[in-house]
Structure formats: C-alpha cells, structure tokens
Amino acid sequence: MEDCLAKKMEITVSEAEKRTGRNAMNIQETYTAYLIETRAVESQIEGQCAPVESLWRRYSEFELLRNYLSVTYPHIVVPPLPEKRADFVWHKLSADNMDPDFVERRRIGLENFLLRVASHPVLCQDKIFYAFLMKEGGWKEMVNETGFQLKADSRLKALNATFRVKNPDKRFTELKHYSDELQSVISHLLRVRARVADRLYGVYKVHGNYGRVFSEWSAIEKEMGDGLQSAGHHMDVYAASIDDILEEEEHYADQLKEYLFYAEALRAVCRKHELMQYDLEMAAQDLTSKKQQCEELATGTVRTFSLKGMTSKLFGQETPEQREAKIKVLEEQIREGEEQLKSKNLEGRDFVKSAWADIERFKEQKNHDLKEALISYAVMQISMCKKGIQVWTNAKECFSKM
Amino acid sequence: MEAEGRLLGPPLPAGGEGPGIESHLSEGALGTARGPLLAAAEVLALDDEEDDLEVFSKDTSLAEVNSFSPSVPISPSSMINQYKFEDGPELRDLFITVDDPESHITAIETFITYRVVTKTTRGEFDSSEYEVRRRYQDFLWLKSRLEEAHPTLIIPPLPEKFIMKGMVERFSDEFIETRRKALHKFLNRIADHPTLTFNEDFKIFLTAQAWELSSHKKQGPGLLSRMGQTVRAVASSVRGAVKNRPEMFTEMHNYMETFSQKINLLDKIAHRIYKEERDYFNEMKEYGPIHTLWSASEEDIADSLKGIASCIDRCCRATEKRMAGLSEHLLPILHEYVLYSEILMGVLKRRDQIQGELDSKVDALANKKTEKDQFSEEIGRLEDKVEHANNALKADWDRWKQNMQWDMRSTFTNVAENNLRYYEESQTRLHFQILLQKMPS
C-alpha cells in the first residue's frame, strides 16, 4: 500500500459545472463537467504547499476510463462508477440528471471512484489513469491508442461460456452466486428504503399542518392561546426536521449503492474466469480430436465417425502421399495446440491466483465498509430519535400549559 | 371543593370561585343560594325534585364520599383519561357504565343492545343499582328529549349513526367498541351535568325495563307538535334575533364559527397522520426482514445486519403503539368536538329563536297600543324565558369551555407523550445495537 497513488497525492472532485457543447453528431447538448484537482502530498511535509493541478472531465470520460481498466485488468474487481441515472428515488427527490442534489451526490461518487482506484495496489500504477488525472487534452486519443476495445470480450461469447463451461473453479461459482444474491438483496433493500423514506416524509410533513391550524385557533382563545401558538411552532420545527434527516440517509443509500454496483464488478471477474476456462476446455477438446484424427489416419482405423472418413470411403481411399501430408499438417497443429494449451493453462492459473488475491482484498474492504455504513445508519437513527424527543418534549410542555 | 380539572357543576355560591360563577350569579339576579338550580327547577316543573335539589345543594359538604368503582370491564386508564377528580370529597353519586354489546336478530332487523349499569346513592332512585339493556335508538330518544327540555343547554354528542370515512363495517367489533365507548361517555357527561343529571327522562332511561321505556316513549309530545314549534321558531328567529342579540352571544357565535372550522381541520389532519403512520408501518414491516435475509449470505457482517433488523422491528412495534394511542385518544376526542361544534351552533340558534319569539311579540304589540295590558303577562313570561335561556346557556358555555380546555390539554399532552415514548423506545434499542457492533469481534 505504500506505493499507492492515494498516499502520494491528494485527489478531489471539487466542482461541478453545467456546460453546453456540440457532441459527436454535431448536436447541441447540455452536460455537467467535473473539476478534478490534484496536489502532491510529499511537498507538504516540508512545509511547502504544492501547486494544485486541475482539469475538467465529464461523466462519459469517467466511463471510458473504467471500461479501459475493466478490459485491461480483468482479474481485478474494478471499482464502480456512481449511477448514470438516478435510481431508487423516492418522490421528493428528482430523477432528473440536471437536478443539483443529484449532481452533488454524483460529484461525491466520482471522487470516491478516483480515490478507490488510486488506493488500489495494481490500478493506481496505470499510466492511463495517471493521465486521466493530469492530462486534459489528448487523453481520449491516448486511451483509444491502447486498442483496449479489441481486447474486450463480446457479451455473447461470455454468455455462451457461462452455459457451456464444464469445470469452472468452484470458488468462482460460489462467488458468482454470492454476487447475484448481494445484487438482489441490496436492490430490494434500496427499493424498500426509498418507500420507507417517502412514508416517513409524509408523517413528518402532515404534522406541519398542526402548526398553521394551532396558530389560527390560538387567535380566538384567551387562556389556551399561548400554549397553542408555541406548540404550533414546535410542530413546524418537527415537520422541517425531516429534510436534513433524509438527506443524510441518501448518503447511506449511496454507500449501499456502491456495493450494489461492486456486485456487478465481481460478476465480471467470474465471467472472465468462465470465459478463460471455456476457452481452455474448447482448446483441450480441439486438441484431443485432432490427436485422434491423426491417430486414425496413421493407423488407418476409423474409430469415430467423421464426414471426411465417410466421403473417402464413398469416393475412394486417399493416396499414401495425401495421407502423409494430412498427418504432417495435423502434427503441426497438434504441436501448436499443445503450446497454446500450456500457455492457456498457465494463463488460467495465473488469473485464478491474482483474481483470488484481489477478491480477498475486496472482501475485507467490503466487510469493513458495510459494517461502518450500518453503524453510521444506526447513529443516524439515534440522532433522528434525539431530535424527535427534543421537539416533543417542548411540545408537551406547551400543551400542558394550555 | 372545586375540582381544578373538570368542572362537575356550579360550586356552592357560598365558597364559590372559578370562571363564570360571578357572572352568572350577577346575571341570574335571583340572589338566593340556590340560584340557577332553582330557576331551572321552576321552568322545568320538576316539582317533586325541588326538595331533593335543595337538600343536595345544602348538604353537599356532608354528602357521603362514594368512591364506587363500577365492577365492569372498563379499562381503568380510559376512565382516568375521561374523568380526573381532584383528591377530595367526591361529588358524584351516580355511576354509569355501558358495556357488553349483544347482537339481536329478529325477523325484521338485526340490532345491538348495550348493557347500562347504574349505581347510585340518590334518594329519588328507588334502588341503588340498576341494570338495563338499551339500543342506539333509545339513546337518540334520550338526546332529543333532553334537547327539547333544555333548548339552550349543551347536550353532549352522541356517536353518529353510521361512520363513512373509516369504512368500517356496521357491525364490526371495532365499530361496536368505538360506539360503546362514545355512548358510555355520553351518559356520564349527562350525569356530570348539574342540570341534566336530574332530568326525569334520563332517570327513566337508566332505570326502566324495556317495556316500560317503550310505553313511556309513546307518551311524549308528538312529532307534529314538535315540528310546529320549530317552524314558528325559525320564522321568528329570521327577523329580530340577530339585531337584538346581546353582544356576548354574538361573540359566542363568532367564536364557534372559527372553532368549528379549526376543529374540523384538526380532525382531518389527525386522520391523515394516522394514515401516514399506518403506511409507514406497512413499509417498515418489509424493511427489517430484508436485512435478516441478507445476513444469511454474509459472515463478517451478519451480526451487524441482524442487529439492524431487530432495531427496525422494535421501531415497528413502537409505531404500532403510537398509532393505537392516536386512535384511542386523539381521534375520538377531536371527533367529539366536531360534533360539539355542531351542537353548540344549534344551541346558539335555539337561543336566538327564543329571543326571536319575544322580539316578534314585542314588535307586534308596538303596533297595537290598546291591547298592551292583555299581552303584558305574556311578554313578561317570554322575557323570563329569554332571561332563563340566556343564563342557562352562559353557565353551560363557561362550563363547556373549561372542559374543552381540559380535554384539549390532556389529549394533546397524551399525544406528545406517545411520541416521546415512541422515540425513546426506538432509541434504546439502537444504542444497544451500536454497543454490540463496536465490540471487537
């Protein structure tokens, strides 16, 4: 961890700004740009303030960075980006991407993403990542020049592998199940939380009506007037208090959302393993069948049915020269195949080893983060109770003086 | 001894204090110790009860302290909430309970009867304990008899025939129980009322057997004659009543208009809060178990998750209690005062009508100077009627306002306490959970 970029450099996403510009299809569009500020840490120790470097990036550039990282480091659980569109909203929050609250929460999420990458032992050393932070112009070209898009596996291929792989590593199968469960349970939780927030909002806000009516009623009362009026004021305070409470809760929801999206990153690693394993199995199968073909040609026996065999039976045998040529080609292919299989095996083992190391790292991080989040949730609830107790104690005093 | 909380009846003028007493003594202008009680007796011709009234008012200080608690299944807390007596000699000598709803099915209809148990030490009651069964119709009858006999007194509200907004089944347990409680309150409020408590129909209601009640009901003034009165009264009230109305009653009228509006709003708000809390509860019920479900796929954080789940469950139960508090105390009280505001508007109107009778007679007489003597007696009678009506209303109004203030104070304080309990319960559980979680595993 000492080599981590995060230790050497302060990284913040400090501002968000609305911009208009022309996109690739020359159509005018509005988007939000985010200011990334970086400052080297070392110089600060000497008592000098290092200069702040900054540049602007938009969300699509973050997406490009992440895609690049996912393809280039398939064995790493790559940190997720904050959501593209507002999801799991309860009614008061806007689902509009331009809404200032959404933009603010996204800014925080993007900063978190950069910090995650910068604290990752492997990812933080990536040159493209460093350029993303430091090099405003020409970065896109730099990424495209790596040709990472070509390395990306097709979705279809990956899906195929999932269904056809015969001997995946059991740990990965379990991990895949876990990530499915995690995704399902967190999204369910977030959905219900949003509904609970909605209802809680309703309860608090309706109490605000008391304030108005008490105030109007107090005008016609002599003895009860003061008590009513001041109780009404407390009801207004109560109704207003829910706004801050729910805003804090949104941050908690965002913490859970990060791990909802992390589940997808986990699954991506599992998929990569499946793909590699499937590739390996296909290659091994192919090699076996070629070896068999070779043997058959050499010994003249046909153990397995093949169209070539049948046609040659029907249309006459091959000449010994032709057979020799075929055997030679096959032998060459077999040699290549064996090389490939060896390297694929090695690749596979390396992948499993390094992927599993990162998964262990991720597990620890996840357990730590989620535990902290749950504790902070409990603390939030306690704070809400405290506020409630204060308001209702005051209200009770006013009522008892009516 | 005057109860600070709930006003039971006009205190003895000798030691009298408290709102409204000075004013109604000076207005009553009868000067005797028996004041308004006697006036009421005269107008209502409760001849046979006069002596008893005198005895009652003179000998209150010597009256036995009767601390009956009726041995019926009414929860003590609901009794306490309704009636708060100061420590001291109890003025009550009449204890009524309404319970035991029973369904009766006949060929024509199905209806519910309630058991009404009365325990009393009053002399005019032949026995000290009565048990009768009454149905809702009987209560309606009693109310209309009381309104007739005392047009400017504030007769307590009866639960409505049918409650639309709750969408409660007519004979559901919830509906019957709500109604039973309201009927119980209705009779006890009458019993507490200084004048109404001695009404003859009230006594018959409490004591007569079913057949006796039926035959008594048939003897009352016919519907037609009652209607006739109403038509005449309306006609006269349209004319003079408002312009000759004493300032005090215009103030009351204005007050009631605003009060009625506000109390109706509060009733709606309270129902809305109940609904929102119920919806919140329904969502919370689903929220907790998700955490438990999640804990099944985790190891390290399983305990934390289960901890949060139990906190949420605790919060759920606390919410249920909070809702119960609303529906048991706040909602019924607000509803009663919605009904009260209608009743009071009606009382003010009837007072106007009585005055209207007088005014129209006076106006009519102004044009016929010759017949003055003939009508002077009638005018005098009407003037007395108006004066009595005004005094009765004024006294009852002050009493009602005091009770309203007490009811509102105690009900809203109770609401605040409910909410405090809710937050305190939720909080303790959370504290506990955090402590557990912060411990190194």
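**Entry 1: ground rules**

I take a polar contact to be a pair of N or O atoms within 3.5 Å; within protein, one must be able to donate a hydrogen and the other to accept it, and residues adjacent in sequence count only if both atoms are side-chain atoms. I am working on a predicted model, where local features need pLDDT of at least 70 and side-chain atom pairs count only at pLDDT 80 or more, while totals for chains, interfaces and linings use all residues. Residues are numbered from 1 along each chain as its sequence is written, chains are lettered from A and ligands numbered from 1 in the order in which they are written, and side-chain values use heavy atoms, with hydrogens and water left out.

**Entry 2: where A meets B**

I looked up polar contacts across the interface of chain A and chain B and found 17 residue pairs, both partners at pLDDT 80 or more. On chain A, the elements giving two or more residues to the side that touches chain B are H9 (170–218), H10 (225–299) and H12 (320–400); helices here are DSSP runs of H or I with at least four residues, strands are E runs of at least two, and both are numbered from the N terminus. H9(A) supplies the largest share, 24 residues. By class I noted 33 nonpolar, nine polar and eleven charged residues on that side of chain A. Nonpolar covers Ala, Val, Leu, Ile, Met, Phe, Trp, Tyr, Cys and Pro, charged covers Asp, Glu, Lys and Arg, and the others, Gly among them, are polar.

Contact (heavy atoms within 4.5 Å) involves 53 residues from chain A and 53 residues from chain B. The two chains bury about 5300 Å² between them, 73% of it on carbon and sulfur atoms; this is the accessible area (1.4 Å probe) lost on putting the two parts together, summed over both.

Next I checked salt bridges, meaning a side-chain nitrogen of Lys or Arg within 4 Å of a carboxyl oxygen of Asp or Glu. There are seven between chain A and chain B. One that I looked up is Lys396(A) with Glu417(B), whose closest N and O atoms are 3.1 Å apart.

**Entry 3: strands of chain A**

E1(A) (residues 9–22) and E2(A) (residues 28–40) pair antiparallel over 13 bridges; pairing needs at least two DSSP bridges. Glu17(A) sits opposite Ala33(A) of E2(A). Their hairpin has five residues between the strands, and Asn26(A) takes a positive phi near 60°. E2(A) also runs antiparallel to E3(A) (residues 53–58), with six bridges, and here Leu35(A) faces Trp56(A) across the pair.

**Entry 4: chain B**

I found 13 helices and three strands in chain B.
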